[in-house]
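Open the model in your viewer and keep the selection tool at hand. This short tour goes from one selection to the next.

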Amino acid sequence: MEDRIEADPRLGEHRALVPEPRELVRRHPLRERLTGSLIRALSAQGEQAAAPVVFEETGRHLADEPGADPSAGLAAPHQELLAAHPSPAPVAPPARPTSFAGRAEEVAELAELLRVTRLVTLTGPGGVGETRLSDARRDAGRSRTA
């Protein structure tokens with residue numbers, strides 16, 4: 001049965017590519033060869049996210065029952081999947097804003113307004129620096145009180 005399940009995709013038999021091995025793995029969770037076939041079938045069907053879950057579940061069953069790690073035969077399809085679909089490279093966090101430069105007059109005006117009122121609304125078209133101006137005022141207030 002395992003030979004046939006492995007051969008079916010190579011022979012163009014895709015009708016039971018996932019359901020049959022999934023059911024057999026459910027019934028025989030320690031059969032690593034079946035699990036490898038299921039991992040390959042899931043990957044072939046575009047279910048790459050489900051394949052590592054199957055690998056991890058089988059690894060847990062193996063550790064619980066005979067106390068062994070997955071064999072090289074089971075690790076191979078898992079590694080093939082990872083190589084075919086690598087994780088995206090981590091993205092660096094956004095750079096910390098630099099100090100606000102060139103608008104000392106606006107920062108002073110904002111500071112004066114905040115001394116006499118509780119709420120000041122900064123408006124302008126997108127990209128002219130309202131947020132940076134408000135951050136500069138907040139940072140300036142922090143440095144004086146610290």
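Start with D3 and R10, which are exposed on the other side of helix α1. This is a predicted model, so treat the tour as a walk through a prediction.

Now select all of α1, residues 2–10. Which of its residues are buried? They are E2, I5 and D8. Look down the axis of α1: the buried residues fall within an arc of 120 degrees, so they line one face of the helix. The buried residues of α1 pack against α2 and α3.

Next, select α2 (residues 19–27) and α3 (residues 32–44). Two packed helices are described by the angle between their axes and the distance between the axes. Here the angle is about 145 degrees, and the axes are 9 Å apart. The crossing of α2 past α3 is left-handed.

Show the side chains at this contact. From α2, pick P21, R22, L24 and V25. From α3, pick L34, T35, L38 and L42. Colour them by type: the contact has 6 nonpolar residues, 1 polar and 1 charged.

Stay on α3 and centre on T35. Is T35 buried or exposed? Its relative accessibility is 0%, so T35 counts as buried, the cut-off being under 20%.

Last, select what surrounds T35. Beyond its neighbours within four places in sequence, T35 is in contact with V25, P29, V54, T58 and L74. Zoom in on T58. The side chains of T35 and T58 make a polar contact, at 3.3 Å.

Methods:
Residues are numbered from 1 along each chain as its sequence is written. This is a predicted model: local features need pLDDT of at least 70, side-chain atom pairs count only at pLDDT 80 or more; totals for chains, interfaces and linings use all residues. Side-chain values use heavy atoms; hydrogens and water are left out. Axes are lines fitted to C-alpha atoms, for helices over the stretch in contact, and angles run from 0 to 180 degrees between N-to-C directions. Helices (H or I, at least four residues) and strands (E, at least two) are DSSP runs, numbered from the N terminus. A crossing is left-handed if the near helix is turned anticlockwise from the far one by less than a right angle, and right-handed if clockwise. Contact means heavy atoms within 4.5 Å. Ala, Val, Leu, Ile, Met, Phe, Trp, Tyr, Cys and Pro count as nonpolar, Asp, Glu, Lys and Arg as charged, and the others, Gly among them, as polar. Buried means under 20% relative accessible area, exposed over 50%, partly exposed in between (1.4 Å probe, protein chains only). The arc is that of the directions from the helix axis to the C-beta atoms. A polar contact is a pair of N or O atoms within 3.5 Å; within protein, one must be able to donate a hydrogen and the other to accept it, and residues adjacent in sequence count only if both atoms are side-chain atoms.
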